[in-house]
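Have it open beside you as you read.

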Amino acid sequence: MPLPLYRQHQRLEASGITVSRGTLTNLEQRAGQLLQPVAHEVLNSCLESHTLALDETPSKAGLKCKGKMKKGYFWCFYGDHEEIAFIYSDSRSCDVVEPYLKEFEGVLLTDGYPGYASLCSKYPKITHAECWTHSRRYFVKSEKAEPEATKEALKQIGALYKVEDDIRRQGLEGDALRDYRQQKAKPLVDQFFEWNREQLRRLDLVPSNPLSKALGYVHKREKELQVYLNDPTVAIDTNHLERGLRCIPMGRKNWMFCWTEEGADNVAVCQTLITSCQLAGIDPYKYLVDVLQRISLHPARDIRELIPRLWKEKFGANPLKADLDK
């Protein structure tokens with residue numbers, strides 16, 4: 001987890017390195033400014049995907065009033081090339097991400113936040129897919145109220161994940177993956193939604209029952225939950241995205257909040273590059289040491305060469321080193 005600046009200052013001081021807090025803050029801001037164009041190119045690369053996963057997670061940034069911080073959100077994009085991009089906003093409205101998706105053509109994979117459905121309805125070129133893990137969580141919440149029905153729902157959803165495990169074990173891709181899902185998963189999905197409709201016809205279920213909420217949740221999203229059956233590039237859930245954005249909630253336990261919204265923007269830039277490095281199997285330290293030295297001389301027209309996955313191919317074998325590492 002990243003250390004807040006005041007802790008970095010304490011550690012430097014304990015090591016005999018005297019740097020003022022103001023200088024450290026300015027260095028962090030300057031590094032964020034230098035790296036921002038590279039992070040923007042990671043986002044552009046994500047937006048060129050056929051299947052784009054999107055989610056948001058809350059954080060605090062900026063002083064609202066004395067003793068209170070503003071609530072904001074880090075929006076997270078996960079693209080086909082196993083790279084991730086963060087942006088920060090003080091709003092959870094999908095108006096934040098709409099400008100980025102106006103030209104997007106493909107599948108948008110999300111959780112059940114209604115804003116995503118409203119956004120996708122505006123753009124016919126976007127196919128909306130939703131996450132089975134979030135559907136499963138609704139049934140888990142109904143376990144105490146309806147143990148038998150919940151057990152059946154979880155069993156059927158579990159069977160879908162067993163199919164995905166078989167796909168991974170066999171290494172299926174492309175048409176072979178789609179055909180396997182059609183053969184093995186589609187009958188299970190049809191069976192699940194038929195069972196779901198039967199449960200909704202129960203006269204003893206009141207709207208306040210957690211099972212009613214779970215059944216209604218998946219019934220409303222029946223079309224979106226079946227998109228993955230016909231497209232081998234679409235995952236059954238957004239778990240890969242949630243793993244990628246975990247750096248924000250984990251970091252939040254450490255640095256708790258960003259003192260300014262500018263600081264939150266810098267967090268978005270740094271986490272875009274660090275997390276994309278991790279996904280590409282790159283040491284983030286070696287990458288950042290190289291790019292921070294290279295970027296001032298690198299042609300602006302070729303800035304995309306510095307995003308982690310392409311940097312690995314072009315510069316990863318012989319990165320620039322820090323003076324302390326030589």
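1. A definition to begin with: buried means under 20% relative accessible area, exposed over 50%, and partly exposed in between (1.4 Å probe, protein chains only). The model is predicted, so local features need pLDDT of at least 70 and side-chain atom pairs count only at pLDDT 80 or more, while totals for chains, interfaces and linings use all residues. Residues are numbered from 1 along each chain as its sequence is written, and side-chain values use heavy atoms, leaving out hydrogens and water.

2. Let's take Glu-146 next. At 16% relative accessibility, Glu-146 counts as buried. Its place is the loop between helix H5 (132–140) and helix H6 (147–170); helices (H or I, at least four residues) and strands (E, at least two) are DSSP runs, numbered from the N terminus. Not counting residues up to four places away in sequence, Glu-146 touches Arg-202, Leu-205, Asn-209 and Leu-211, where contact means heavy atoms within 4.5 Å.

3. Which residues of helix H4 (residues 114–122) are buried? They are Gly-115, Tyr-116, Leu-119 and Cys-120. These cover an arc of only 130° around the axis, which puts them on the same side of H4; the arc is that of the directions from the helix axis to the C-beta atoms. On the other side of H4, Pro-114 and Ser-121 are exposed.

4. The cover over the buried residues of H4 includes strand E1 (51–65), strand E2 (68–78), helix H3 (98–101), strand E4 (106–110) and strand E5 (126–130).

5. For the overall picture, the chain has 15 helices and five strands, and 48% of its 326 residues count as buried.
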